[in-house]
Every structure is written in C-alpha cells, then in structure tokens.
Amino acid sequence: MRGVWVVASSAVLLLSACTPAAPEIPAPSQSAVESPSPTPSPTFDSTLWSIDEADSIWVVADKLRPLAPLDYVPDDLIALEVPHAYDARLRMSAAAMYTKMYEAAAAEGIDLVAQSTYRSYNTQVGVYNHYVATIGQTRADLQSARPGHSEHQTGLSVDIRAKDGKCTINQCFADHPAGIWLAENAWKWGFHLRYPDGKTDITGYMFEPWHYRYVGKGLAAQLHETPNITLEEYFGLPAAPDYAG
Ligand SMILES: [Zn+2]
C-alpha cells in the first residue's frame, strides 16, 4: 500500500510542479475512498546519528566495537533524582527521559529503581575482574563487558529493577510486572531492550530483561516495530558473540 501511495503522490507533485495550470486531477473512485487510506509514516533516517562516535546517542558498543577512546567519559552526566542504587548518573537526555518514564510507570503502580547506570572505565575494570575471579572468564564474558566495551560506560544504559527487589538482575524480571511494563512501554521514552532473549549469538550477552539503552524516541519507535531486534541487526553490523582476541 505504501508503495502505491508514494507513486501516486509523486505523480501529483510532478504534475503540479511542471504544469502552469494544474490539470484536473481525477476524483478518487468510490472504491478507493472506501478502502482504508494508508497512513504514510515519515521516512526515518537511519543514518542521522553516528553509530561509531562514543558520544553519539546511537553509538553501538559491543565485543567487536570498543568505545573510542577506550576510557571515554561522557561530558554531560547528571545525577538521577528518582529512586536509584549507588551513584546514579546518566547523560542529560537519557536522565531526562528516564525520569519521565519512571513517573509514567509510577502513575500505573509500577515502582522502578535504577539499579546501575553510568559506569566508568575504572569501575568496569573492577566489575569485570570480580566476575572473572568468581565465575571464570568464559561465564564472565557472557554477563559483564570488558572495560571500554560496556554500554554502561556510554552513560546511556540503565539496569532497572523493581522496588520490591524481586528478580533483580535476574531473568525472571521478564515476568515481573515491572519487567513486563518496561518491555511494553520503554520505547515510548526512547529506551530499547539491548540484550533480548535468543540473541546471545549476536549481542554476545545473555538475555538481560533489566538492561535498557537510551537511543532516543525516534529510533526506539523504529526498533519497537520488530520484536527482539538488536542494534547490530538494525544497523547491519556483524554479530559480536565474542571478542576478536
Ligand atoms: Zn546493564
């Protein structure tokens, strides 16, 4: 339907642009009026922002795409003023939209807590080394990024839990009312479920129903149209199941 609409409308544009007196445009036939008219969605420009620059809201960081520089620090981190654990900071735009999302969820009886937000390179060194020491490197690499490869270092990612503390950083969060609410609604505030179920071979991480990445409303809405899509798939990037070396 969209193709037909585009062709028809460009023909009209062409005529009106080239002809001094607009020709009589045939009235739509009765059947065309009765059929539901397609709603042309505005064309989304998937090249609008960089996916390579560390300070781009579309930056794709994964096991094959380290941040550049490796010790990148966002320059617009601000503290979250809604319930959180630890020192909670996100980049300004992500913080503003997270706050709005928190308020919308609360209005529906869903109490969210930002469990983990921005993590510096040095913090990630500690987190990653702790995992390696406790569960070994293979399992650590499925759960925790090596420093310089973590989305948390972009200041655009947030691990979210429920106020009741149930299923915190656990896959059962997917079935918790808070996890269900986020899966259905987070896109409206520009957040995307970054590590979906069944996509470990692409993202390199196990299903993390708590990890949301701010990408802005436009891209989040695009991503929402395809269930469980990853940033790698959307941008046509290679799967990143493991580090290059
Ligand atoms: Zn996370």
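Two strands count as paired when DSSP finds at least two bridges between them. All the views below come from a predicted model.

**View 1. The open sheet, strand by strand.** Four strands line up in the order β3-β4-β6-β5 to form an open sheet, with antiparallel pairing. β3 and β5 sit at the edges with a single partner strand each, so one side of each has no neighbour in the sheet. On average, and ignoring direction, neighbouring strands here are turned by 45 degrees against each other. As a reminder of what holds such an arrangement together, strands of a sheet pair through backbone hydrogen bonds, either parallel or antiparallel.

**View 2. β4 and its two partners.** Strand β4 (residues 157-162) is mostly covered, with five of its six residues buried. On one pairing, strand β3 (residues 112-116) meets β4 in the antiparallel sense over four bridges, and S116 has D159 of β4 as its bridge partner.

View 3. Y98 belongs to helix α3 (residues 92-107). It counts as buried because it has 26 C-beta neighbours inside 10 Å, and the cut-off for buried is 20 or more. Setting aside neighbours within four places in sequence, Y98 is in contact with L80, L90, A114 and V158. Take L80: it is 18 residues from Y98 in sequence, but their C-alpha atoms are 8.5 Å apart in space.

**View 4. The largest nonpolar core.** This core has 40 residues, and Y98, M101, A186 and F191 are the ones touching the most other members. Helix α3 gives the largest share, seven residues. In general terms, nonpolar side chains tend to be buried together in soluble globular proteins.

**View 5. The buried face of α8.** L219, A220 and L223 are the buried residues of α8. Looking down the helix axis, these buried residues fall within an arc of 100 degrees, so they line one face of α8. They pack against β5 and α9 (231-234).

View 6. α4 (residues 121-135) is 15 residues long and spans 21 Å from first C-alpha to last, close to the 21 Å expected at 1.5 Å a residue.

View 7. The A68 to P69 peptide bond is cis, with omega near 0 degrees; P69 sits in the loop between α2 (30-34) and β1 (77-79). I169 is not a glycine, yet its phi is positive at about 45 degrees. This residue lies in the loop between β4 and α6 and is partly exposed, with 15 other C-beta atoms within 10 Å. N228, also not a glycine, has a positive phi of about 65 degrees. The loop between α8 and α9 holds N228, which is partly exposed with 13 other C-beta atoms within 10 Å.

Notes: Residues are numbered from 1 along each chain as its sequence is written. This is a predicted model: local features need pLDDT of at least 70, side-chain atom pairs count only at pLDDT 80 or more; totals for chains, interfaces and linings use all residues. Helices (H or I, at least four residues) and strands (E, at least two) are DSSP runs, numbered from the N terminus. The expected span of a helix is 1.5 Å times one less than its number of residues. A residue is buried if 20 or more other C-beta atoms lie within 10 Å of its own, exposed if 12 or fewer, and partly exposed in between; C-beta atoms are placed from the backbone. Two residues are in contact if their C-beta atoms, placed from the backbone, lie within 7 Å. A nonpolar core is a set of buried Ala, Val, Leu, Ile, Met, Phe, Trp, Tyr and Cys residues joined through C-beta atoms within 7 Å. The arc is that of the directions from the helix axis to the C-beta atoms. Axes are lines fitted to C-alpha atoms, for helices over the stretch in contact, and angles run from 0 to 180 degrees between N-to-C directions.
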